[in-house]
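These are my notebook entries on one protein chain. I set down what I looked up, one topic at a time.

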Amino acid sequence: MKIDVLRRRMDETTRGRFDETWRRTFYPDLPDSMECGSRRPSRLASRHAEELESCGIAQRACGPGRLLNVPFTVVEEKDGGIRQRFILRTYDANELAERSGYEAKVPLKHVSAYLSAVHGESGSTRDFRCGFYGIEIPSDARRFFRYQDDNGSWWELTRLPMGHTCAPELMHTLASVAAGHPEYVREEFAVPRSIVTHVWVDNIRYSGPRADVLKSTTALDELALAATITWKPKDSHTAVDRYEFIGVGWQHDTKTVGLSEKLRCRIEAARSEVSSGSMTAAALESLAGRLLHASAIVGVFAGEFYFALKFFRRLMNTLNRGEKAVDTKVELSGCLKTSLLNWTGRVLGRRRVPIEGKPPCATIFVDASLDGWGGVLVDANTSAMEVVGSRWTPRERKLHINELEALAFERSVKAMPTSYVGGAVTVVVDNTTVQGVARKGACVCSRVLNDAVMSALCF
């Protein structure tokens, strides 16, 4: 990928941020005391190291570098079966970035935030073929990406790996610039305002009027030729009505969404494992993520399966603390098995879900304090106002402020006039915890918070 071609299109803010992240990634400020020669890092199987060399991803090095890097491979499920993915965990570089206060700027939103794009006339998708490997490491920076194989030979990467804390931001920024996202590029390089542009690290999707989608996609493909970017043919569609993107099956012609075939098949396979009564910890971890993602797509409130979520949380904690191996067999209790079967059945049973495109008929402003709660409803057409609220009971005053904000959310929504029921209503809440639970559809930290938000969303 020709970085300079894309860099010339960046607006001033994006270019400044990109240059700083690039320097942090490839030219870190090293303290004199940092030296990995005395430590014993993990080693990669020599056959894997040679495969990386044959692909042009790595080359032989003269000796160890100054930074500790841990190479390993993971097994992934793909459409054609399973494959191994190489990851270089750049421990020292990641620690240096954390110490300097670096926080990745990769604005990936909850999947529900993307669904309204189905109201565009058509959509286009593009997926980078090489992903992170499309970014070449400068030759004088490769010494920071060295690792050893099991024969004692030293290697260094020539392409940016997964495992560096800055890698996702670099990739996401370059993809956004290539897509002509208005927030990243100069005005003359931006897509038309009629186009909704979504970028998910190295995946691009346009949605909007068919003619504008086609025009923007053609411009993107022309830029790809100039910047030597290649796409995955299977995941690239141009101005079509139906396609898959971020686990969602989009149907612009019917204005509906559903699970992608890949996500559906994986949940079906996991459901069969649940029926058997035992699963590995790794399989349960994957199932948890897929169920939460699928629930947001088809409108199933994860909060209904509160105790299954509590189980997943406890499982993740034991895995993170190293108390349980990922290949450990976990026996499912009867209650948990029933809950997971119900949950998987719910998400698989909702094949297509319509996405409302109506403008809001009203806005509700919600707030709470330790004394009481209040809500103000403003009609979108007449600006008429309705005010509700009351003091907390002595028992309610003992609750956490986040739980009180959730109760205020629930009571304000349920207090609105019946004439607004069934309409599109915008609710403004200044509590980020409540906002997060509303987006995810569940909360395992507090039953009160979970039930209040779920009750309001289901009303």
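Is E20 buried, partly exposed or exposed? I found that E20 counts as partly exposed, because its relative accessibility is 33%. I used these cut-offs: buried means under 20% relative accessible area, exposed means over 50%, and partly exposed lies in between (1.4 Å probe, protein chains only).

**Entry 1: the model.** I noted that this is a predicted model, in which local features need pLDDT of at least 70 and side-chain atom pairs count only at pLDDT 80 or more, while totals for chains, interfaces and linings use all residues. Residues are numbered from 1 along each chain as its sequence is written, and side-chain values use heavy atoms, with hydrogens and water left out.

**Entry 2: the whole chain.** I recorded 13 helices and 20 strands in the chain. Both are DSSP runs numbered from the N terminus: helices are H or I with at least four residues, strands are E with at least two. Of the 459 residues, 47% are buried. Along the principal axes, the C-alpha atoms fill a box of roughly 75 × 55 × 45 Å.

**Entry 3: salt bridges.** Side chains of opposite charge can pair when their charged atoms come close. A salt bridge is counted when a side-chain nitrogen of Lys or Arg is within 4 Å of a carboxyl oxygen of Asp or Glu. The search of the whole structure gave 19 salt bridges.

I began with R24 and E20, whose closest N and O atoms are 3.4 Å apart in a salt bridge. Both residues lie in helix α2 (residues 12-26), 4 residues apart, about one turn of the helix. R24 is buried, because its relative accessible area is 17%. I also noted a network of salt bridges that links E20, R23, R24 and D29.

I next looked up K414 and E410, whose side chains meet in a salt bridge at 3.2 Å, N to O. This pair lies in helix α11 (residues 401-414), again 4 residues apart, about one turn of the helix. K414 counts as partly exposed at 38% relative accessibility, whereas E410 counts as buried at 14%.

The salt bridge of E304 with R346 has its closest N and O atoms 3.0 Å apart. This pair links distant parts of the chain, 42 residues apart: E304 is in the loop between α8 (281-298) and α9 (306-320), and R346 is in helix α10 (residues 334-349). E304 is partly exposed at 37%, and R346 is partly exposed at 35%.

Entry 4: Most residues other than glycine have a negative phi. A239 lies in strand β10 (residues 237-240) and is buried, with a relative accessible area of 15%. K255 is not a glycine either, yet has a positive phi of about 60 degrees. K255 sits in the loop between β12 (248-251) and β13 (256-259) and counts as partly exposed at 27% relative accessibility.
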